[in-house]
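I wanted a first look at this structure before reading anything else about it. These are my notes, in the order in which I looked things up.

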Amino acid sequence: MSAFDDNCIFCKIIKGDIPSTKVYEDDLCYAFRDINPQAPTHILVVPKTHISSCNDVNESNEAVVGHIYSAIARIAEQEGISKTGYRIITNCGKDAGQTVFHLHFHILAGKPMGEGMLP
Ligand code: AMP
Ligand code: ZN
């Protein structure tokens, strides 16, 4: 059984079937620039296996979430934003505005973002 969903745009990006600007990659995750950036630095980090949303994180796949946070620390260093700061956002479901149903972590940086919940 494939770890990918044939109808998922982020699975297609991971496979290279849809182009993306790669920022970081390892065995478990892939990071690329958001096509519609909401901040000077806007990166998406995705697990290399299809997980639809936070609702589908469970004991069988939870390790990848911790791994992604560790990858984010490395990406922040690489992007030169670790000292100035960044915001990590994951939208889950309709009310949160999730539009792509493959778990992803937005990294937003490069401008002050205030104290609210959104960039
Ligand atoms: P969300 O609203 O949390 O589901 O975020 C989905 C994000 O994916 C949005 O910020 C989009 O701009 C971004 N996005 C959609 N298609 C692509 C693509 N082909 N390459 C890069 N980013 C994309
Ligand atoms: Zn997917």
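The entries below go from the whole chain to one helix and then to one strand.

**Ground rules.** I am working with a predicted model, where local features need pLDDT of at least 70, side-chain atom pairs count only at pLDDT 80 or more, and totals for chains, interfaces and linings use all residues. Residues are numbered from 1 along each chain as its sequence is written, chains are lettered from A and ligands numbered from 1 in the order in which they are written, and side-chain values use heavy atoms, with hydrogens and water left out.

**Whole chain.** I found two helices and five strands in the protein chain; helices (H or I, at least four residues) and strands (E, at least two) are DSSP runs, numbered from the N terminus. Their order from the N terminus is α-β-β-β-α-β-β. I then looked up the radius of gyration, taken over C-alpha atoms, for which the globule rule is 2.2 Å times the number of residues to the power 0.38. A compact globule of 119 residues would come near 14 Å, and the protein chain has 14 Å, which agrees. Of the 119 residues, 38% count as buried; buried means under 20% relative accessible area, exposed over 50%, and partly exposed in between (1.4 Å probe, protein chains only).

**Helix α2.** I checked the length of α2 (residues 63–79). The expected span is 1.5 Å times one less than the number of residues. For the 17 residues of α2 this gives 24 Å, and the end C-alpha atoms are 24 Å apart, which agrees. Which residues of α2 are buried? I noted V64, I68, A71, I72, I75 and A76. They lie on the same side of α2, because they cover an arc of only 145 degrees around the axis, the arc being that of the directions from the helix axis to the C-beta atoms. A63 and E77, on the other side of α2, are exposed. After α2 comes G80, whose phi is positive, near 75 degrees.

**Strand β3.** I found seven of the seven residues of β3 buried, so this strand is largely enclosed by the rest of the structure. In a regular strand the side chains alternate between the two faces of the sheet. One side of β3 has T41, I43, V45 and P47, the other H42, L44 and V46, and all are buried.

**Neighbours of β3.** Two strands pair if DSSP finds at least two bridges between them. β2 and β3 run antiparallel and are joined by five bridges; C29 has P47 in β3 as its bridge partner. Five bridges also join β3 to β5, again antiparallel, and V45 stands opposite F105 in β5.
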